[in-house]
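This report describes selected features of a protein model. Please consult the sequence and the structure while reading.

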Amino acid sequence: MELLTRLEEAILIAVLRLGDEAYGVSVNREVSRIFCKTYTLGALYFALDRLVRREYLGKMEGDPTPQRGGRSKTYYRVTPEGRSALESVREYQENLWRAVADLRPVE
Amino acid sequence: MKNERPPRLAAWILSRIAAAGDQHAVLGDCEEIYSAMVAEKGLPAARSWYRSQVLRSLPLFVLNRISGSAAMFRSYLQTALRNMLKHRSYSLLSISGLAIGLACCFIIILYLAEEASYDDFHRDPASIYRVVRQMPDAHGPATRNPLAPALKENFPEIELAVRTWLLREPTTFWLGEKDFRQEGVLFADPEFFRLFTYEFIAGHPGRALDGKFSLVLTESAAKRYFGAKNQVGRTLSFDGEFDLNVTAVIKDVPHNSHLQFEVVLPLESLNAIAGYVYGYDPAQYRLLDDWMAGMINTYLKLVPEADPAALERKFPDFLKIYAPRNKELLDETLYLQPVRDIHLHSQYPSDTDKISDIKFVYLLAAIGLVILLMSCFNSVNLTTARFASRLKEVAIRKVVGALKRQLVAQFLIESFLSSLLAFILGFLLVLLLAPAISGPLDYSLGLRSLHSAPPLLIIFLTGALAALLSGSYPAIFFSAFQPVNVIKGGDLSSRRRKGVRSALVIFQFTITISLLVGTGTVFRQVRYMKSKDLGYEKEQVLIVPVKDDDVRNRSEALKNELLQAAGVSSVSFSSVLPSRIIGSTTMDLNIDGERKVFEMNTIATDTDFLDVYKIALTQGRYFSRDYPADAEGAVVLNERAAAVLNWRDPVGKELRVFGGPRRVIGVVRDFHFQPLHNSIGPLAMRLGSGRYASLRVSTSDIPQTLAEVRGVFQMFAPRRAFEYFFLDDDFRNLYRAEQNFGRTIGYFTLFAIMVSSLGLFGLSLFLAEKKTKEIGIRKVLGASAAGLALMLYREFARLALLANLIAWPVAYVVLNRWLQRFAYRVEVALPTFALAAIVTLGLAFLAVGYQSVKVASANPVKSLRYE
C-alpha cells in the first residue's frame, strides 16, 4: 500500500475534524494549526487534488459567499477509502513505535 | 472594503494555472483569506500576502495540472491504440509508408553529416586554407613550387605554410628482396604534421619528417610491411633506389579527408626522387625551387586574427616581387580556399575522386524531403479517408463536451503514436539498408555520425516534423466541423476534401514520375557513354606501365619479345593512353592573317599505335620505320586539329609544334581521348616511345597470356613488380561519378515508388469501401466485374495521367540542364517518358486491381445488407 505523506495525513485528519465545514480555507487553517506553520495554497491544493484522485477525498460544490467575491466553495469529505488509509497509517505508526518502546532513553 | 479587490495580475495568473474545473474554488478560497486579512492587517499586507501566495504556489499548481492531465493523456493513448488496432490495414499502410519516408530521410541525413564533416578533424580547421591558382586557361590547386616559403617570408599573418605533392601513380617499395605495390605516396614539408592533425601511434609529430629520407607510414601500411611490431626504425626502399627510414606511424587517414595518402615522405626528397623518375641530375636542377614549375599544393595556416580576404588582396603585389624572373606570374591570381570547403565546393579537375559536389548534396536533401512529404501526405490521406468512419466518434465527443483543444490533442497523439512506430521501423530499416546503400557513396555509410549530437537532433526533429505534418491536417479538420451536421447525417464527402486528396495523389505521382524519368535518363547517358564508338577499340587491350628508362630505350627489343607471347597480336608504346590524354601545349599561330590561340593536345607514340587501337587514318600515312626522318620532323594531326588550323589538305604542310617545325604526314580520324564531358579537341602526335605499353591480346587464354607477358617484363626489369590493367577496366572508372549518381537516384526512386504505391493501395481500399453499396446496386442491375474494376481504376488513372502532364515538362527542363555538362549526350527521349507513364499507370492498376477484384466479385447481397 502507498503510504500517505505527512501533509496528506494532516489534511485527511483536518477534513475529518471539520466535518461539514471542510473547504480550502478551513482545511488550511486547521493544517496550519497542527503543524504550527503555514502552507502555501499551492501546496495545499496539490495535496488535496492528489487525495481526490486517489479517491480518499470526495468533492462537493458549495454556495458562493460575498467574502469570496461571489465564488463558490468546494467542500471535501473523507471517503471510506480515505478512512481506511488513515487507519493503516496509524497502525503502521504504532507498529513502528512499538518496536522502539523497549529502548530506554540514553541517560 | 468591497472595492479592495485582490491584485488583478496575481488573480489572473491564479485563474490561468489552477487545475481545470477548480479555478472558482481556488480563487474563492484565496479571496476569503485575503478579505479576512484586509480587515485584520490592512490592505498592503493582504495584497503582498496574496502576491507571494500566488508566486510561491506557481510550481505546485503547474505540477498539479500536469499530473491531472496524465490521466487524460492515458485515455487519449488508449483511444489512439484502439483506433489503430481497429483499422489495422490502414494503420499498417500509413505506418510503413511513413517508415520508408523516414528511413529515406535518415539515410540522407547520415550522408549529409558525413559530407559536412570533411576535414573537420584537424585542430582549428577554420584557420587552414589551401592556395588555388587562377590562370588564363586553367585553374586549380597546383601552385608554383617555391610559393609556400615565399608567402611565409612575406606575410606575418601566415603561421605555417606547407607544401605537399601526391604521387598520382602507384610505385614499388622494397622490403629487402620483397616488393610491395604502394599507392598514395605523399611528399610534404616537415611542418605538415603541425598544420594538419593526424594521430601518432609511434614517433614524434615535430620530428617525423626531419631527415631527408625519413618515412611516415599509416597504420595499415606499416602492418603490411612489418606486421604489428617494431615498425619504427626499419628501412624500406623506394623503387630500389632510395632507402627510407621509418620515423613514425600514424593512424590511417580518416575517410572524411580530402587528402588521402598511405605514406608520407619529406618534400625535400622529391628533388632527388623526381630527378630519378624524370631523368635529370638533381645536383643541377632543384625542382622545388623552380618558379617555372607549378605542381605543388600549398596549404596555409593563418594566425588567429588574420583576415583571409585582406591577405588575398595583397597577393597581386606579392607576385610582382617575383615576376621579373617569371613574367607569367602576372597572369595568375591566387585565392585562399578554406580547407573544409574543398570537399563540397571545389570543382577542380585535379581534385578528382575524393571530391563531391554541393549540388548533388542539395539534390539529395531535396529528394529526401520530398519523399518524406509524400509519406506524410500518405498518412494524411489515409486519415482523412477514414473521416467518415470516425466522424460519429468525434461528433459524440463534441456533444459530450470535448473541447477543440482536446480533439486536436487526440489526433496529434494518434499521429505521434504512429510516427513513433514509423520512426522505430524506419531506424531498423536504415540499419538494414545502410550497407547496401553505402556502395555508391564510396565509403561505408556509418552510423558513426550518430554519435555526434547535431545529426541525431536533426533525425529526431525530422520524426517530430513528420508527426506534426501528418497529424495537423486531420486534427484541424476534425476539430472544426459542426457535430449537428454529422449526427443529422449530413454530407460526409465534401468536395473540398476530395480535392485535397486528389492533389496529394497527383503530387505523389508527379514526384515518382520525375524520379523515374531522371533515373532512366541518367542510366541511358551512362550506357551511352560506355558504349559510344570512341574512334578506337578499347576492348582486349592490356596496359603495362613501363617505368624504367633503360627498358624504354630497348623498346624495340621488348616489343619483339612481347609479340612472341601467346595471344599478343600487336604492341605499341605511347606517352599517355588514348583514353586520357592530359598533355597539351598552347599554340599561338597566325592562320590566314588571323591570330589564333588554342590548346593543342599532344601524344607521343611509336609506329604501331594505330594497329593496336584500330584508329582509322583518313589522309597521308602514319609514322613508319621506313622513314627515319619521322622521329624529328613529322607530325600527325587529328581531323579536328586540321579543322582548327583551317587546312583542307594538311599533308605536307609545316607546323611548329614539339619544339620545332614539323611536317604533317597524315591525319587520323577523331577519337575520344578525353571523357565524353569534353568535345574532341585538336591533337598532335609525334613519333616517340613512352611510359605505357599497350598490348592487343586475344581473349582465348588470358592467364596464359598474362603469365608470358609477365615473364618478358621480368626479363627486362627484374627489380620491378609487374603491374598491368585492362584498358576497359580503367575506362569503367571514368564514369563512376555518373554511375553512382544514377544508382543513388535509383534507390530513392525505388523508395518513392514504394511510398506512393502504399498510398495508392490505401486510397483504393477506402474508395472501394465507400462505394460498397454503389457497387452492390450496380451489380444487381447487371454490371460486369470488369466494368466495375474499370470504374474504380478510372479515377486513379485520371490522376496518374494528370501527374504525367505536370511532371514531364519539369523533368525535361531539369534533365536537359544536367545533360548540358556532357559534350556527347543522349536526348531526353520520349520512350523514357512513356516508360514512366506506363510504370505509374501500372502502379495505379496494381494498387486498385486487388481491391476492385475483391469488391467486384463480392456477393451484392452482403454489401447491400450492410446496415
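Between which helix and which strand of chain B is B:His122 found?

## The setting of B:His122

The model discussed here is predicted. B:His122 is found in the loop that lies between helix H4 (88-116) and strand E1 (128-134) of chain B.

The relative accessibility of B:His122 is 4%. Buried means under 20%, so B:His122 counts as buried. When residues up to four places away in sequence are left aside, B:His122 touches B:Ile128, B:Phe196, B:Thr197 and B:Tyr198.

## One face of helix H23

Helix H23 of chain B covers residues 727-734, and its buried residues are B:Leu727, B:Asp728, B:Asp730 and B:Phe731. Viewed down the axis of H23(B), these buried residues fall within an arc of 155 degrees, so they line one face of the helix.

## The interface of chain A and chain B

In this interface, 21 residues of chain A are in contact with 24 residues of chain B. The area buried between the two chains is about 2000 Å², and carbon and sulfur atoms give 54% of this area.

On the side of chain A that touches chain B, the elements giving two or more residues are helix H2 (24-35) and helix H3 (41-53). The largest share, seven residues, comes from H3(A). The residues of this side of chain A comprise seven nonpolar, eight polar and six charged.

Notes:
Residues numbered from 1 in each chain as written. Chains lettered and ligands numbered in written order. Predicted model: local features only at pLDDT ≥ 70, side-chain atom pairs only at ≥ 80, totals over all residues. Heavy atoms only, no water. Buried < 20%, exposed > 50% of the residue type's maximum accessible area, 1.4 Å probe, protein only. Helix = DSSP H or I, 4+ residues; strand = E, 2+ residues; numbered from the N terminus. Arc of directions from axis to C-beta. Contact = heavy atoms within 4.5 Å. Buried area = accessible area lost by both parts, 1.4 Å probe. Nonpolar A, V, L, I, M, F, W, Y, C, P; charged D, E, K, R; others polar.
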